[in-house]
Amino acid sequence: MKQHPLCTDTEQCLDVMDLAVPPELKREWAALQTRRHFLGRTGKVLGWAAMASLFGDRALRGDAHAPANGLPGMQAGEQLKLPHFAPKAKRAIYLFMSGGPSQVDLLDYKPNLAALYDKDIPDSVRGAQQLTGMTAGQARFPVAPSHWAFKRYGQTGTWISDLLPYTARMVDDLAIIKSTNTEAINHEPAIMLMNTGNMNAGKPCLGSWLAYGLGSMNDNLPTFMVLQSKLNTKENNQPVSSRLWSSGFLSSEYAGVGLRSAGDPVLYLTDPGGVDREVRRNMLNAVNEINRQTFEELGDPETHARIAQYEMAYRMQTSVPELADLSKEPQSTWDLYGPEAKEPGTFAYNCLMARRMAERGVRFTQVYKRGWDMHDNVTGILPVICQETDRGCYALVTDLKQRGLLDDTLVVWAGEFGRTVYSQGGLTKDNYGRDHHPRCYTTWMTGGGVRTGITYGETDDYSYNVVKDPVTVRDFNATILHCLGIDHNKLTYKFQGLDQKLTGPVPASVVPGLLA
Amino acid sequence: MKLLEDVSASVDKLLPASRLTRVQWAASVVMSGSLLLLPFLVRLDGTPHADWQQFLGRFHPLIVHIPIGLLVLVPLLEIVGAFRPALREAAEFVLALAFISCMGALTLGFLLAYGSGDTGAGVTHHMWGGITLSISVLLCLLARPSWLLGNETRFYPATLAGMLLVLLWTAHQGGSLTHGNDYLTRYMPVSMKRWTLGNLHANTPGADTFYARHINSILDANCVACHGEGKVKGGLRMDSYELLMRGGKDGPVIVPGHPEQSPLLVRVTLPPDHKQFMPAEGRPPLKPEEITLLKAWVQQGASPTATTLKGIFIQENAKEAPLQPVGDYSSMMPEILRMESGQGAKLLPVSSKPSDGLILTTVDVAASFGDTQLAQFLKFAPFIVEAELGRTAVTNASFDTLSKFTHLRALHLEETAVTGDGLMKLAPLSQLTYLNLSGTKVTAAAVAPLDSMKSLRHVYLYNTPAQPATAADSVPQPIAKTAQ
């Protein structure tokens with residue numbers, strides 16, 4: 001028995017941690033103490049107390065750090081008994097096309113549409129679907145056939161738009177999913193749904209679940225990294241925020257670490273003048289010691305996250321410059337990715353970085369490219385953004401393949417929804433706009449665990465509704481987890497009284513047709 | 001009557017059973033006789049009959065477990081009855097009950113087969129098994145009293161043992177009818193299969209044809225359980241090309257060139273709740289890609305010899321050898337963790353199943369991880385299925401060590417100083433499927449002997465003298481086929 005640090009009584013009080021109670025109760029007690037510590041440390045001011053109640057849920061959260069039934073030094077995954085089965089892919093790269101790429105113009109070929117130019121799409125096709133405020137008031141919904149021709153490529157003879165000449169060269173390596181569909185119709189909810197399985201912010205994203213469930217393969221770089229591509233101001237760029245790589249209710253050490261698209265990849269990573277590595281190390285040791293004392297006193301698991309992040313940042317001081325140093329890349333790299341890959345922040349550069357991260361044991365890399373939101377001027381903008389992204393995608397897949405990394409790396413290409421077959425605003429022979437379309441959109445996957453050289457799912461003649469093998473966002477995410485050896489129903493985390501999971505409470509299923 | 005008396009008398013001599021009346025004996029003989037005659041009186045003709053027969057018949061799989069349970073109980077009661085007489089007394093009652101339920105199950109089974117029009121070797125075997133079983137239970141009942149009195153000590157135990165063997169065989173036949181022939185053996189470990197079932201690939205003649213590679217396996221997985229040797233629903237068998245093309249009672253099921261007129265394709269593409277939908281009885285529908293293949297094959301003539309089909313490209317995702325389980329390393333965990341903290345290199349589990357093995361990961365200490373460090377992991381070698389040694393300081397000397405990693409499936413040596421000298425020391429690694437030598441100095445001559453390693457399917461030589469990094473085309477050249 002010892003005096004509890006926050007106990008103001010003169011009597012000695014019992015320390016729960018020393019009692020023979022189940023470890024879950026101890027963890028719950030430790031979590032509860034964080035609220036007490038919060039109140040204690042802030043001088044019992046009423047205003048702070050009000051705020052504490054706002055954060056009450058966070059203070060009540062479960063605990064990822066208390067030693068589970070494993071041995072000290074075990075990886076997070078080992079303690080959680082993950083992967084559930086031998087995975088085909090050890091890591092994943094997710095190319096996120098924010099804004100909603102137009103499936104009608106890129107990958108979902110509908111030859112019959114040309115004859116239907118400027119005809120209204122039948123009500124029987126459109127049904128009672130909810131439209132966005134941008135087109136709901138339109139008097140007509142005239143069919144806008146794709147401005148570009150499609151040709152067949154590869155041994156599979158897959159139809160690909162002339163806009164994607166590089167993607168066309170790797171069709172035999174892809175699993176193209178034409179029947180992806182979502183429930184959200186606007187960017188923020190749709191992109192949250194794709195990334196976190198829920199339209200509302202606050203849930204952990206795919207990368208955080210992977211970091212939490214599988215742990216790190218590498219001590220010197222974060223488990224989950226995010227690369228944003230530079231904006232092209234000609235495009236309609238929808239915001240992409242750190243909520244998308246947030247760890248939600250999981251410990252913040254599982255959040256994605258973003259690299260900046262210009263200047264230093266990570267700000268303030270270099271030591272300031274007069275501070276050398278040894279001084280930095282000594283300072284960190286001292287800070288960590290203080291943090292450890294705080295943890296012993298209060299048991300707030302977030303303290304561990306803070307210590308881990310300080311240490312990671314210290315190691316990243318050497319690992320990130322090495323990661324970003326492209327001077328040793330051979331000429332063949334530049335021939336493959338194109339000259340713009342030399343310019344930090346371009347999509348091609350980020351694809352190259354994604355390959356370098358895969359080589360260095362980063363578990364999950366997400367590359368964001370904004371600007372796919374084309375409500376008007378599709379013929380003006382779509383070629384630009386395709387030109388920016390097409391070669392990078394091809395180069396990444398080809399490079400992983402030739403280096404033997406595609407065997408155990410999953411690559412995913414997806415946006416948050418598709419675009420309407422009918423024109424938003426005026427339709428001319430030369431130009432048209434397309435609104436958001438959640439009922440069907442096209443995505444692709446390749447690499448470890450994926451059955452390649454296939455097209456999965458079908459849409460109707462208008463690329464409006466899925467007619468065969470629908471793949472919901474839940475199924476899509478469940479399939480990604482499956483490739484990485486995770487049963488999506490078993491990777492759960494207790495929060496707010498629920499066993500939370502990436503695929504949410506609605507039943508989801510792995511899509512067997514997409515698996516090798 | 002004279003004849004019956006003669007038979008009865010001779011039976012009496014064989015089985016002196018003082019309590020049995022001749023009437024009982026006669027009834028038993030008559031009953032056995034009619035059981036044996038039943039299949040000849042009411043023939044299983046392969047045509048479905050009245051619905052009520054099927055309705056009742058479908059209780060057969062349920063009811064059949066009652067006699068099974070009771071019959072297994074009888075020898076137990078007899079044995080334990082030697083010590084607790086009350087139980088032996090119960091055995092008689094259980095045996096009688098078993099016989100009654102046997103008759104019930106037999107009736108229902110016969111109704112099921114007759115009503116649903118099931119025929120085939122499996123059905124016939126199961127039926128005769130059931131009849132034999134019922135008769136042997138009857139024999140047991142008759143023989144038991146004289147055994148109890150000690151007049152005849154061997155006949156009853158022998159009949160009982162024989163009855164149990166018949167029971168085992170009949171139950172297995174029934175199980176095969178319900179679950180399919182390979183239900184028991186499908187997940188048998190390969191080594192045991194080889195031992196018990198002999199040559200696994202005996203039944204794949206002409207394995208290069210499209211039919212043998214794709215169509216046959218689709219039918220095997222989805223149809224043959226009811227349309228095969230064991231059970232022949234509707235007179236249709238689909239377990240060989242000839243039988244498939246011959247069709248069933250209602251004529252051919254495949255019209256070459258016309259999938260839309262082929263009953264097979266029509267019925268697998270109906271809505272699943274349709275009465276005619278196949279596979280019937282709630283079995284999972286065919287997968288879309290399976291239907292695509294069937295359709296294309298029928299469309300293009302349903303040929304037994306064609307090797308490829310126009311417009312059908314099947315990525316032959318080369319079959320990986322089945323994962324060989326490694327031993328359980330759990331007990332070595334403390335040692336492994338000590339090693340990791342001392343060394344920096346990690347042994348990560350492939351999955352939560354220890355038998356899936358460990359991955360040797362060196363990414364954090366690559367620069368300082370050399371041949372000596374690798375040798376320190378020899379102790380755990382049997383559990384390591386993948387060694388990530390890319391960008392480490394290992395050299396050709398490591399091949400000696402690696403040759404002892406007997407369960408190694410994947411070996412990463414990219415961008416290391418290995419030159420290929422001694423590469424063939426890896427030859428004994430029979431499970432090695434993946435070898436990455438990208439960015440090393442290996443030459444074409446050094447890697448040529450790798451061809452002899454059968455399991456090795458994925459060899460990467462990018463950016464080596466054996467396969468120099470080639471410049472990508474600066475202008476994309478779509479490999480377009482003519483638009484169709």
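Tutor: Rings of Phe, Tyr and Trp (for Trp, its six-membered ring) pair if their centres lie within 6.5 Å, and planes under 30 degrees apart count as stacked, over 60 as edge-to-face and the rest as tilted. This is a predicted model, in which local features need pLDDT of at least 70 and side-chain atom pairs count only at pLDDT 80 or more, while totals for chains, interfaces and linings use all residues. Residues are numbered from 1 along each chain as its sequence is written, chains are lettered from A and ligands numbered from 1 in the order in which they are written, and side-chain values use heavy atoms, without hydrogens and water.

Student: How are the rings of A:Tyr212 and A:Tyr254 arranged, stacked or edge-to-face?

Tutor: A search of the whole structure finds 27 aromatic pairs over all chains. For A:Tyr212 and A:Tyr254 the ring centres are 5.5 Å apart and the planes stand at 70°, so the pair is edge-to-face.

Student: How many residues apart in sequence are the parts that this pair ties together?

Tutor: Helices (H or I, at least four residues) and strands (E, at least two) are DSSP runs, numbered from the N terminus. A:Tyr212 lies in helix α9 (206-214) of chain A, whereas A:Tyr254 lies in the loop between β5 (224-228) and β6 (257-259) of chain A, so the parts tied together are separated in sequence by 42 residues.

Student: Which residue in the turn between β2(A) and β3(A) has a positive phi?

Tutor: Strands β2 (150-153) and β3 (158-161) of chain A pair in the antiparallel sense over four bridges, where pairing requires that DSSP finds at least two bridges. A:Lys151 has its bridge partner in A:Ile160 of β3(A). The two strands form a hairpin with four residues between them, and the residue with a positive phi, about 70°, is A:Gly154.

Student: Which strands stand at the edges of the open sheet in chain B?

Tutor: Six strands of chain B form this open sheet with mixed pairing, in the order β1-β2-β3-β4-β5-β6. At the edges a strand has a single partner, so one side is left without a neighbour in the sheet, and this applies to β1 (346-349) and β6 (458-460) of chain B.

Student: Which residue of β6(B) is the bridge partner of B:Tyr434?

Tutor: Strand β5 (434-436) of chain B pairs with β6(B) in the parallel sense, over three bridges. Within β6(B), the bridge partner of B:Tyr434 is B:His458.
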